[in-house]
Amino acid sequence: MAFPHRLDAPELPDFSMLKRLARDQLIYLLEQLPGKKDLFIEADLMSPLDRIANVSILKQHEVDKLYKVENKPAVSSSEQLCFLVRPRIKNMRYVASLVNADKLAGRTRKYKVIFSPQKFHACEMVLEEEGVYGDVSCDEWAFSLLPLDVDLLSMELPEFFRDYFLEGDQRWINTVAQALHLLSTLYGPFPNCYGIGRCAKMSYELWRTLEEEEDGETKGRRPEIGHIFLLDRDVDFVTALCSQVVYEGLVDDTFRIKCGSVDFGPEVTSSDRSLKVLLNAEDKVFNEIRNEHFSNVFGFLSQKARNLQAQYDRRRGMDIKQMKNFVSQELKGLKQEHRLLSVHIGACESIMKKKTKQDFQELIKTEHALLEGFNIRESTSYIEEHIDRQVSPIESLRLMCLLSITENGLIPKDYRSLKTQYLQSYGPEHLLTFSNLRRAGLLTEQAPGDTLTAMESKVSKLVTDKAAGKITDAFSSLAKRSNFRAISKKLNLIPRVDGEYDLKVPRDMAYVFSGAYVPLSCRVIEQVLERRSWQGLDEVLRLLNCSELAFTDMTKEDKASSESLRLILVVFLGGCTFSEISALRFLGREKGYRFIFLTTAVTNSARLMEAMSEVKA
Amino acid sequence: MDCYTANWNPLGDSAFYRKYELYSMDWDLKEELRDCLVAAAPYGGPLVSLLRKPWRKEKAASVTAVLEIYSASACLWPWKSGPVVSLGWSAEEELLCVQEDGGVLVYGLHGDFRRHFSMGNEVLQNRVLDARIFHTEFGSGVAILTGAHRFTLSANVSDLKLRRMPEVPGLQGAPTCWTALCQDRVAHILLAVGPDLYLLDQSACSAVTPFGLAPGVSSFLQMAVSFTYRHLALFTDTGYIWMGTASLKEKLCEFNCNIRAPRSRWCSRPRSKERAVVVAWERRLMVGVMRPRASSILGGLFVLDEDSYLVPELDGVRIFSRSTHEFLHEVPVASEEIFKIASMAPGALLLEAQKEYEKESQKADEYLREIQELGQLTQAVQQCIEAAGHEHRPDMQKSLLRAASFGKCFLDRFPPDSFVRMCQDLRVLNAIRDYHIGIPLTYSQYKQLTIQVLLDRLVLRRLYPLAIQICEYLRLPEVQGVSRILAHGPVQQKDVSDEDVARAINQKLGDTPGVSYSDIAARAYGCGRTELAIKLLEYEPRSGEQVPLLLKMKRSKLALSKAIESGDTDLVFTVLLHLKNELNRGDFFMTLRNQPMALSLYRQRIEGRVAALQTAADAFYKAKNEFAAKATEDQMRLLRLQRRLEDELGGRFLDLSLHDTVTTLILGGHNKRAEQLARDFRIPDKRLWWLKLTALADLEDWEELEKFSKSKKSPIGYLPFVEICMKQHNKYEAKKYASRVGPEQKVKALLLVGDVAQAADVAIEHRNEAELSLVLSHCTGATDGATADKIQRARAQAQKK
């Protein structure tokens with residue numbers, strides 16, 4: 001048991017209400033099409049739907065057969081077809097082709113399209129263009145918040161990241177605002193609001209407008225959640241790009257957690273079948289190790305195994321009555337725990353196999369070097385070797401991005417050579433990937449005139465230490481882009497430790513990256529919560545290029561209870577990683593807060609890079 | 001009128017059969033007809049005869065056989081090839097001569113040799129015993145009975161696919177009789193061996209028995225299939241005739257006669273309930289009509305003056321002998337109604353009325369009133385029109401049509417087109433029935449054949465003026481009619497030089513609308529005049545039409561240059577793709593080399609993407625994004641190269657990255673090329689070393705790897721060599737390289753090969769704390785105990801200092 005919650009930690013609100021709400025709404029929509037119907041579900045919606053309503057519930061409401069929306073003609077023979085889809089053009093074309101095929105065959109059926117989380121006008125336009133608008137009825141299933149865990153809400157919109165941060169498409173902002181509005185109607189208004197980032201600001205403003213339109217309802221309610229903090233992903237790419245070493249993050253990096261559950265393959269289950277495991281607080285074993293640094297997990301698990309054995313062993317000395325008790329009450333729990341334990345041990349072994357190789361250690365070493373900003377040349381050549389050896393296209397890309405962000409862009413020579421190497425290794429089509437990365441600001445080139453760093457170092461040599469600091473500030477203010485190094489210094493992201501960082505008893509949030517780096521996003525949240533405003537963080541904001549985009553909004557009337565004031569909703573726009581979640585959970589325990597996470601999707605470095613990649617299907 | 005029905009023979013209660021003379025034959029047959037092989041094409045087609053005798057006698061016989069084709073034009077020439085077993089006409093009116101060795105010679109209508117094909121080796125060895133030419137939906141087929149009593153058939157001679165039929169079990173001698181059947185688009189063979197019947201299809205031989213066959217049959221002598229393959233008649237040696245459906249599942253009738261029938265043919269009227277079989281023996285002709293539900297048959301007997309030959313037609317039988325050519329058919333309903341003695345059918349009355357009217361008798365009015373009272377005037381007119389169509393004699397046609405026209409006057413709204421069309425059709429029919437032309441088509445045959453086919457046949461007979469006049473008379477559209485005839489006509493002239501013919505055609509046709517020179521050329525090619533076809537294509541203004549034909553004629557190079565001249569890239573690609581399939585690689589590129597334009601186009605096509613990439617590169621240059629522009633250019637270069645590699649080496653290269661391309665080359669053993677590529681694309685040394693290292697290790701080519709490692713100093717050090725060897729579990733090789741690893745990585749390398757003791761020595765020598773602990777962590781169990789101690793000691797010593 002690494003960190004028990006502080007006794008005064010506030011209770012979390014009950015988010016299962018969101019599930020019930022979504023389920024009832026779906027049922028209502030399905031009932032609007034009385035009689036037997038076939039349901040076509042988009043692949044992306046399948047797992048979320050599974051969490052809301054299982055097949056038997058659907059069957060109860062006269063869903064006959066379930067189909068996946070694919071690029072294949074449907075074979076359904078039902079007279080009523082219902083489509084449950086994300087509002088995407090390609091889905092509309094699919095529906096239209098189906099309807100048109102029926103028309104050609106002289107068939108008349110009833111069609112209903114349910115958009116989740118909302119419908120877009122463009123989709124209806126497509127239906128109209130295809131000449132089927134009149135044949136299809138459209139509805140919205142405002143299912144935007146899926147509680148993945150007691151403290152984690154996901155909108156399950158992985159495309160948010162690419163749509164907004166690369167394409168500049170703002171259509172999801174409305175969805176975010178709607179979701180926030182829903183939360184405030186259910187759990188009372190948020191007395192304190194903070195935010196950073198353009199998208200955060202826009203979402204917030206839109207949300208406010210929504211509240212004003214419908215005011216009155218929430219006014220009188222006591223707030224349950226005291227703070228809300230909105231954060232754009234592009235404020236902190238660095239954290240998201242780092243390799244995760246906390247157990248949950250590692251599981252995500254290695255096996256990909258999808259919608260709160262993971263498929264453990266045969267190498268984990270040590271049988272020939274793969275096993276789907278739901279990863280949340282209900283899994284007792286997992287709940288205890290999820291936030292742990294990986295180096296502790298094995299020890300913990302073996303300890304746990306010993307305890308379990310001891311509990312099993314207890315029955316040796318039991319008499320009949322006790323045995324009866326044991327079997328009826330404890331055995332089941334023990335068995336379950338046993339099963340879970342073996343799964344996690346299997347997963348650990350599998351991770352160990354992959355990660356304890358020298359390669360991984362060197363990778364981590366390079367990452368840390370990049371974060372701390374020393375041995376840049378060496379790191380660059382490591383990346384080059386990484387590319388030359390074709391280790392992994394996504395990994396190589398991630399390292400390059402990390403190098404670029406921490407170094408304020410690559411120097412032109414490196415930029416060219418790395419890019420050339422990358423194209424040679426992984427194919428020329430990645431030219432587009434690079435263009436995407438540049439647009440998103442993930443991988444940039446220092447402008448040829450931008451030799452500030454060089455100048456800076458030259459000048460600083462000439463003056464005293466104190467002056468040098470000022471010069472650094474002056475220079476960094478001249479730099480246009482985010483200057484990670486300066487922020488790092490300002491916010492003390494790289495903890496100075498003497499000797500070994502004790503990962504067993506972590507002192508700060510840096511433990512999620514083996515003590516090498518405090519996640520920037522989490523640090524910013526910590527600072528703001530401490531100050532209850534952005535005051536004194538002007539410099540950081542400027543370095544983040546967010547001077548105009550940070551806001552605070554506090555209601556004067558103080559109806560909020562002290563307990564609610566220690567509940568904080570953090571909204572990550574563009575996704576958050578499990579490492580960040582772990583770090584904030586740690587922070588909460590330290591400071592007596594409880595954090596609730598709302599994210600557009602849980603992400604990790606690989607997902608970010610894949611979203612930017614242009615690879616032919 | 002009575003005299004008109006004189007040649008009608010009543011058969012049964014309601015049907016009449018009549019036989020009328022088509023032509024009096026003018027052939028100067030030297031021999032008896034029975035001594036000749038004779039074949040006649042259906043639909044009033046030509047006849048052919050060939051004297052059988054020479055092969056019966058000894059070879060020494062000085063008489064040469066003469067092949068004679070009659071009707072369209074008399075044409076005879078001495079037969080020089082091998083013994084002919086069977087003669088027949090294909091649906092395109094080509095003469096097929098099946099020789100004893102299984103070779104089939106195809107001649108045109110004018111005795112011009114067209115082509116030759118063989119029925120396979122098996123036939124060649126066993127000789128042909130008998131052969132039949134039959135007509136199917138696909139065309140004309142040939143069925144052959146070989147000396148080994150096996151059947152081989154081809155359902156379509158223009159698209160020759162030989163099928164060898166399965167063996168008939170227990171077949172010792174030749175079958176007593178056999179025929180080819182065509183059912184459900186599949187050709188079968190029905191054969192009789194004594195009293196047993198067998199049906200052969202592609203896969204099996206099954207014994208069949210006709211339904212309701214009277215007992216006591218000892219042998220089937222003859223079988224006859226109807227024109228549509230729907231009915232079958234079987235003759236036995238007892239004079240018993242069984243008639244039924246071709247599937248043998250249904251009996252229509254049976255009867256006995258005391259003839260030993262030498263020849264029989266079906267004769268039926270389409271849509272008639274009654275089927276009849278015509279049996280000719282010696283000099284008599286018997287028509288057996290089957291009556292539903294009647295067990296016996298009424299045989300109408302015609303007496304023939306001479307030996308005759310029967311040709312089955314769609315609606316009757318043509319009978320020809322030395323001196324006459326006659327047609328026997330069932331009298332069509334309309335004619336029967338009108339001309340039957342004492343008929344009161346409306347048509348008959350109308351005809352009578354018209355006659356009286358001509359005689360200026362008031363009876364005309366009476367007759368007319370009678371029809372009108374019954375309200376059957378429309379029917380009467382229709383009857384007259386229809387009957388006119390079935391009349392052979394123009395005067396009868398005229399009088400019937402006149403009656404129809406007379407009747408029409410008393411009708412308010414009678415659509416004129418049926419009358420007009422009948423008049424036109426009859427004019428055409430009469431014209432072609434003329435003995436100069438000699439195509440004795442009946443009206444129903446003509447309808448079945450369609451005017452287009454008729455025109456083609458006229459063209460085949462070189463009756464261009466007539467064909468053109470028919471077109472003009474029928475006001476057929478130019479493309480269908482006149483132009484087509486003009487186009488097809490001249491090609492068949494044989495003895496003029498190609499150049500002249502081509503020019504003549506051009507002069508004649510000029511730019512007549514609807515003339516397609518490519519069609520003419522295709523026709524010329526069909527006649528085996530490739531050169532003429534090419535000349536003709538010169539006049540074809542549309543290259544799109546030229547090229548496919550040239551390809552078909554295997555003039556691919558000419559086609560290529562034509563396609564290039566046209567400037568139509570699509571066309572060039574068509575040719576290129578064709579060429580690529582046709583030629584081997586070397587020839588293909590040689591051809592391309594002579595056509596730089598095609599070569600460049602080929603490249604473009606192959607790298608369809610390259611063009612797009614070029615555009616992209618240009619755009620990048622405009623945008624001053626030189627890096628991207630260069631990268632795009634490299635990509636183009638790579639694509640071209642990969643294409644070349646695929647062509648030359650085979651395998652898949654397209655869309656691989658540069659790295660993977662080089663790797664693939666090394667894995668394929670093309671080291672030279674790999675190095676060339678690395679130089680061309682300026683692959684950095686480091687990458688190349690990594691790449692080669694991995695590839696060679698994958699190949700487990702340790703020798704080459706060692707050579708490579710010694711080629712020069714490794715830019716990536718030697719640790720990777722050790723690593724990769726260990727990965728392939730080759731400790732022996734790994735050790736070789738471990739000794740060459742630089743000092744700073746030596747410990748790692750030694751640990752990798754598992755040499756803990758030496759690693760410890762090196763680490764102690766280096767006095768490196770990190771290295772020492774690393775080695776220590778590798779010390780396991782008792783074996784390394786000594787080493788561990790050593791390290792501990794060294795550590796202690798170091799700390800002391």
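1. A:Arg93 is partly exposed, at a relative accessible area of 37%. Bear in mind that this is a predicted model. The partner of A:Arg93 is A:Glu130, and the two form a salt bridge whose closest N and O atoms are 2.8 Å apart. This pair ties together distant parts of the chain, 37 residues apart: A:Arg93 belongs to helix H4 (residues 89-104) of chain A, while A:Glu130 sits in the loop between helix H5 (121-129) and strand S5 (136-140). A:Glu130 is likewise partly exposed, with a relative accessible area of 29%.

2. Next, have a look at a pair within one helix of chain A. A:Arg523 and A:Glu526 form a salt bridge, with 3.1 Å between the closest N and O atoms. Because they are 3 residues apart in helix H23 (residues 520-531) of chain A, about one helical turn separates them. Are these two buried or exposed? Both A:Arg523 and A:Glu526 are buried.

3. B:Arg369 and B:Asp365 form a salt bridge, the closest N and O atoms lying 2.9 Å apart. Both residues are in helix H5 (residues 363-374) of chain B, 4 residues apart, or about one turn of the helix.

4. Over all chains, the count comes to 50 salt bridges.

5. Now to the interface. How many residues of chain B are in contact with chain A? There are 23, and they meet 21 residues of chain A. The area buried between the two chains is about 1700 Å², and carbon and sulfur atoms give 52% of that. On the chain B side, B:Phe627, B:Arg687 and B:Trp690 supply 40% of the area that chain B buries against chain A, more than any other three residues.

6. Which helices of chain B each supply at least two residues of the side that touches chain A? They are H20 (608-622), H21 (626-649), H22 (658-667) and H24 (685-699). H21(B) gives the most to this side of chain B, with 6 residues. By class, the side of chain B that touches chain A has 9 nonpolar, 5 polar and 9 charged residues.

7. Finally, a word on the cysteines. Over all chains, the structure holds 0 disulfides. A:Cys82 counts as buried because its relative accessibility is 1%, with the cut-off for buried being under 20%. A:Cys348 is buried too, with a relative accessible area of 0%.

Conventions. Residues are numbered from 1 along each chain as its sequence is written. Chains are lettered from A and ligands numbered from 1 in the order in which they are written. This is a predicted model: local features need pLDDT of at least 70, side-chain atom pairs count only at pLDDT 80 or more; totals for chains, interfaces and linings use all residues. Side-chain values use heavy atoms; hydrogens and water are left out. Contact means heavy atoms within 4.5 Å. Buried area is the accessible area (1.4 Å probe) that two parts lose on being put together, summed over both. Ala, Val, Leu, Ile, Met, Phe, Trp, Tyr, Cys and Pro count as nonpolar, Asp, Glu, Lys and Arg as charged, and the others, Gly among them, as polar. A disulfide is a pair of cysteine sulfur atoms within 2.5 Å. Buried means under 20% relative accessible area, exposed over 50%, partly exposed in between (1.4 Å probe, protein chains only). A salt bridge is a side-chain nitrogen of Lys or Arg within 4 Å of a carboxyl oxygen of Asp or Glu.
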